[in-house]
Structures are given as C-alpha cells and as structure tokens.
Amino acid sequence: MPEREDESEPLAVRDKWEHEALNFTPWLAENLQVLGDSLGLKLEWIQSEVPIGPYFLDILARETREDVKVAIENQLEETNLHHLGQLLTYATGCGAHIAIWVAPEFGYEHAQALHLLNEWTNGRIRFYGVKVEVIKKAGAVCSEPRFREVVYPGGWNKAATRPSEEMSLTKRRHHEFFQPIVSKLLADDFADSARQLFWYADRIFPYRIHKRTGYAVSFDKGRAWVTFHIALDDNSRTKQVFDKLKDDREQIQESVDAGPDPDWRWNRHDHYSFSSINIGREGSIDDPPAKLDETRAWMLDLLPKLKEAFDPRLKKILESK
C-alpha cells in the first residue's frame, strides 16, 4: 500500500534541539510566528533572558494586535513544579497579560493548574500550555517543529496530558544517582544549602544551571562531567572572570588531581550569559551499577578539588578592582 502524504514520524525534541538554553530558546525567539499561529496570536519578540529580580524569563514578547506583554517559559523535558513556579513569577514580574508554557510533555496536574488559573483570573491574564513536537513527514529529508495547544483560555485537552513513563523513569534514575552526591556534600559542609549544588543531564534540568555560579555534575553525550559554572549579574564581568581564570589555566590544571588524562574543557560561551570549566570522563546514566558507583565516587572526589582550586581565585578576582 503506498504511503499517504499526510503520514509523519514523531521524533524526540532533542534530536532537533540538543540544549534548552543554547538551542531551543534562541530558535523559539526567532520563530515566534510559528508559535503564535498555533495559538491565534500575533507575537513579536522583545527580549530573551529578561531579568525578573534574581531570575531570568526565557522570552519576553508582545501580542501586537492587543499591544500587551507575553511571558514565554520553555523547556525540553516534561513539565514540573519548578517551571510552573517560574512561569507565574515571570508573568507577574514583567506585567504580562499572556503567559505561555512550552514543553514536550504536560503532566495532568500542571495542565489542570493552568486551566484553573484561566478560570480564576477571568481573562485578566491568559495562560496557554503548548506542546512542542518534532515530526518528519513521509518522504521529507528534514524534520519540522509543530505546536499543539494543551491549555488555552476557556478549555484544556486532558487527552494530551498522558504521562510519559519513559521520562518518569529517567527522572527517577537521575535522582537516585545524584541525590547521594548532594547529601554527602552537604554533610561535609561543601555548601550552605542544596540550592548551591546542582546537577543536570541529557534530558533532566532540575535547576537553571546557566543562571548562577556554582558547581555541577552531569551526564552528557556518553560523558560524565564535573563543572565549575560562572554566571554573575553582569555578563561582561562573567567573561572577565573566566578570562582571568583561563590566564592561570596551566597552574590550575596541574593543581587538580583529576586522574589519568583528564578531559578539561574551558568554555567561554561568548553568546551566552555564563561560562564553564569542565572535567570529563567516559560515563552514562545507562552504565551498570558498578560503573555508576565508580563515576559517583569520582565526582565526589573531584568536586572538593575544584572548589579548593577555584573558590580562592574567584574571591581574589571579585575583590580586585
């Protein structure tokens, strides 16, 4: 039987956008018309990474026909309470009349919350939940994005909120791996609170790691990473700090015993508001338990060494004029 022209193959969103902040947000900012058309809105970009107190809104836009502000919060994993709180904080903080939450999967409770907010606010602020998908049409070479309404003023699509068992399992596996690291570091007075420690992975971003300075552990592209992130309030100051640290690169790398042939990566990220210094080795969340235990031990051994190397240098740089 010949294939119908309207048949299409769904793809993982990260097949098109590898990283939320570095790939998806910039793409969305440049393609607001596609998002707006799916919602019956005329959207015009104003600014990305908009500071709202100590936080940052992904995209601030304008609905041109109504001349009202639009707050857009986007993510590349299933919706969670963290991003719901961000959406509310950003929308109220920037005086938006429209709030749009874009994600590939919507949990039932999160979609229900947006629906009830639409009822309670009675049109004073309108909430949209939008599912982003990537499809490849039959016979096509390239994939294309597609947006589908899950929540909209006056209704919501409950059928579109079916939970993703694969995503829930992935979250659970990362939590089981990383939480013992956080607990051990807190017990050792590595940091004052869990919020000063963070982890991230291919599909899991519990914290907005690119918004603050701190230490992180991660899995990415078959590698395990221990990272020192630099994200100050002033982007130019962030780059100055990175450059000064990099001037001392040889001495820093010699002072940190990271094992044989450490994979150092010094990433200035000129087009973004953060920089990072990373040490990697082979590793994946899909490794067998014994290998995961070895990777966790490596991370726990290396994090204090990075802190000892970078904290005094950072303090000296920040105190200098």
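## A salt bridge to start with

The side chains of Glu294 and Arg281 come together in a salt bridge, with 2.7 Å from N to O. Glu294 lies in helix α9 and Arg281 in strand β13 (residues 275-282), so this pair ties together parts that are 13 residues apart in sequence. Glu294 is partly exposed, with a relative accessible area of 43%. A salt bridge here is a side-chain nitrogen of Lys or Arg within 4 Å of a carboxyl oxygen of Asp or Glu. Partly exposed covers the range between buried (under 20% relative accessible area) and exposed (over 50%), with a 1.4 Å probe and protein chains only.

The model is predicted, so local features need pLDDT of at least 70 and side-chain atom pairs count only at pLDDT 80 or more, while totals for chains, interfaces and linings use all residues. Residues are numbered from 1 along each chain as its sequence is written, and side-chain values use heavy atoms, with hydrogens and water left out.

## The whole protein

Let's step back for the overall picture. The protein has nine helices and 13 strands; these are DSSP runs numbered from the N terminus, with helices being H or I of at least four residues and strands being E of at least two. Of its 321 residues, 47% are buried. The accessible surface comes to about 16,400 Å², and carbon and sulfur atoms account for 49% of that surface. This area comes from the Shrake-Rupley method with a 1.4 Å probe.

How much of the contact between residues at least 6 apart in sequence joins residues at least 24 apart? The share is 62%, where a contact means heavy atoms within 4.5 Å.

## Strand β6 and its partners

Strand β6 spans residues 126-137, and ten of its twelve residues are buried. Two strands pair if DSSP finds at least two bridges between them. Strand β1 (residues 8-11) runs antiparallel to β6 and is joined to β6 by four bridges; Glu9 stands opposite Lys136 in β6.

Strand β5 (residues 98-103) runs parallel to β6, with six bridges between them, and here Ile100 stands opposite Tyr128 in β6. Strand β7 (residues 144-152) pairs with β6 in the antiparallel sense over seven bridges, and Phe147 in β7 is the bridge partner of Val132.

Side chains of opposite charge can pair when their charged atoms come close. The structure holds 21 salt bridges. One of them joins the side chains of Asp257 and Lys305, at 4.0 Å from N to O. Asp257 lies in the loop between α8 (249-255) and β12 (263-267) and Lys305 in helix α9 (residues 289-319), so this pair ties together parts that are 48 residues apart in sequence. Asp257 counts as exposed at 54% relative accessibility, whereas Lys305 counts as partly exposed at 23%.

Elsewhere, a network of salt bridges links Glu44, Arg62 and Asp67.

## Aromatic rings

Now for the rings. The whole structure contains 15 aromatic pairs. Rings of Phe, Tyr and Trp (its six-membered ring) pair if their centres lie within 6.5 Å; planes under 30 degrees apart count as stacked, over 60 as edge-to-face and the rest as tilted. The rings of Phe177 and Phe219 have centres 5.0 Å apart and planes at 55 degrees, so this pair is tilted. Phe177 sits in helix α6 (residues 165-187) and Phe219 in strand β10 (residues 214-220), 42 residues apart, so the pair links distant parts of the chain. Phe177 is buried at 2% relative accessible area, and Phe219 is buried at 3%. Phe219 also forms a tilted pair with Phe178, at 5.8 Å centre to centre and 50 degrees between the planes. Phe178 is buried too, with a relative accessible area of 0%.

Ring pairs also link Phe190, Tyr215, Phe228, Phe242, Trp264, Trp266 and Phe310 into a cluster. The ring of Phe190 has the charged end of Lys307 over it, 5.1 Å from the ring centre. A charge sits over a ring if NZ of Lys or CZ of Arg is within 6 Å of the ring centre and within 35 degrees of the ring normal.
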